Structures are given as structure tokens and as C-alpha cells.
Amino acid sequence: MADTTVKKVNSQASPKGKLGQKYLVNGKSMSMRLWEDEQPGEGDAPHARPYETVGFVISGRAELHISGSMLLLEPGDSWVVPRDAEHRYKILESFTAVEATHPPAEMHGRDEE
């Protein structure tokens, strides 16, 4: 039987994660989150997560440091971070981006690992 689940999430009422992300809609195998007005700074220490992430920059600029490379992320850019890849972000200008994760980042404590 086909899954007929339909959801709508208003970002104004979305729960926030410990890192400041807003959790948007989620399905069984993927989810979306919003990083809104993240302020400039050195960012987090290198880390790896047990999910794949794809993202899209709405505004601002950031550096994604991954696999010995640095990618400059600017409005209109999209990116991917493979599952278990060590990476970190450095925010250069107030940064807003949407990401999708597979499997859902917020389930089973994946965002806290």
C-alpha cells in the first residue's frame, strides 16, 4: 500500500535544535531544516554526522571545510556533505540556508552525535 501521508509545517512554529536549526517538515527517510541568520564566527569543530546533507544558500556567505578542501558558499549555491564525512562551517556573513538530510537528522539523536 502506498504511503499517503501529507504534512505541512509553518517555520514560525517549528521546533529548534540545540545548534540553532529549525526543524521543518520530515518524512520517513529525509527531513528539512532551516539555518536562519546564523552570525559570523569561526563555527564548530570538525565533526562527522551519520546522515547525508544537501543544502541551498538563501543569503549570506560561509565556508564549508571538508576533505581537505574549502568551498565558499554564497546565495544560490547548493552543496552536499556525504554521510560520515568530517567537515565544519565558518560563517562569514549573516547566513540563511535550507538543508535536507537523509536519513532525518533530528531522529534517533543523529544531530547530537
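This is a predicted model: local features need pLDDT of at least 70, side-chain atom pairs count only at pLDDT 80 or more; totals for chains, interfaces and linings use all residues.
Numbering runs from 1 along each chain as its sequence is written, and side-chain values use heavy atoms, with hydrogens and water left out.

Start with strand 1 (22–26); strands here are DSSP runs of E, at least two residues long, numbered from the N terminus. Strand 1 is largely enclosed by the rest of the structure, because 4 of its 5 residues are buried (under 20% relative accessible area with a 1.4 Å probe, protein chains only; exposed is over 50%, and partly exposed lies in between). It makes a hairpin with strand 2, with 4 residues between them. The two strands pair in the antiparallel sense over 3 bridges (pairing takes at least two DSSP bridges), and Asn26 stands opposite Ser31.

Setting aside neighbours within four places in sequence, Gly27 is in contact with Pro104 and Met107, contact being heavy atoms within 4.5 Å.

Over in strand 2 (residues 31–38) is Arg33, a buried residue with a relative accessible area of 7%. The Arg33 side chain makes a polar contact of 2.7 Å with that of Glu99 and another of 3.4 Å with that of Tyr51. A polar contact is a pair of N or O atoms within 3.5 Å; within protein, one must be able to donate a hydrogen and the other to accept it, and residues adjacent in sequence count only if both atoms are side-chain atoms.

As for the nonpolar core (buried Ala, Val, Leu, Ile, Met, Phe, Trp, Tyr and Cys residues joined through side-chain atoms within 4.5 Å), the largest one has 12 residues, among them Ala62, Trp79 and Phe95. Strand 3 (52–66), strand 5 (78–81) and strand 6 (87–102) each give two or more residues to this core. Beyond its neighbours within four places in sequence, Ala62 is in contact with residues including Leu73, Ile91 and Phe95.

Finally, the largest pocket holds about 450 Å³ of space. Its lining counts 24 residues, with Trp35, Glu38, Asp44, His47 and Tyr89 nearest the centre. Strand 6 gives the most to this lining, with 6 residues. On a 1 Å grid over the protein atoms alone, a pocket is an open set of points where a 1.4 Å probe fits, with protein on both sides within 12 Å along at least five of seven lines; lining residues have an atom within 4 Å of a point. Points are joined across faces, edges and corners, and the volume is the space filled by probe spheres set on them.
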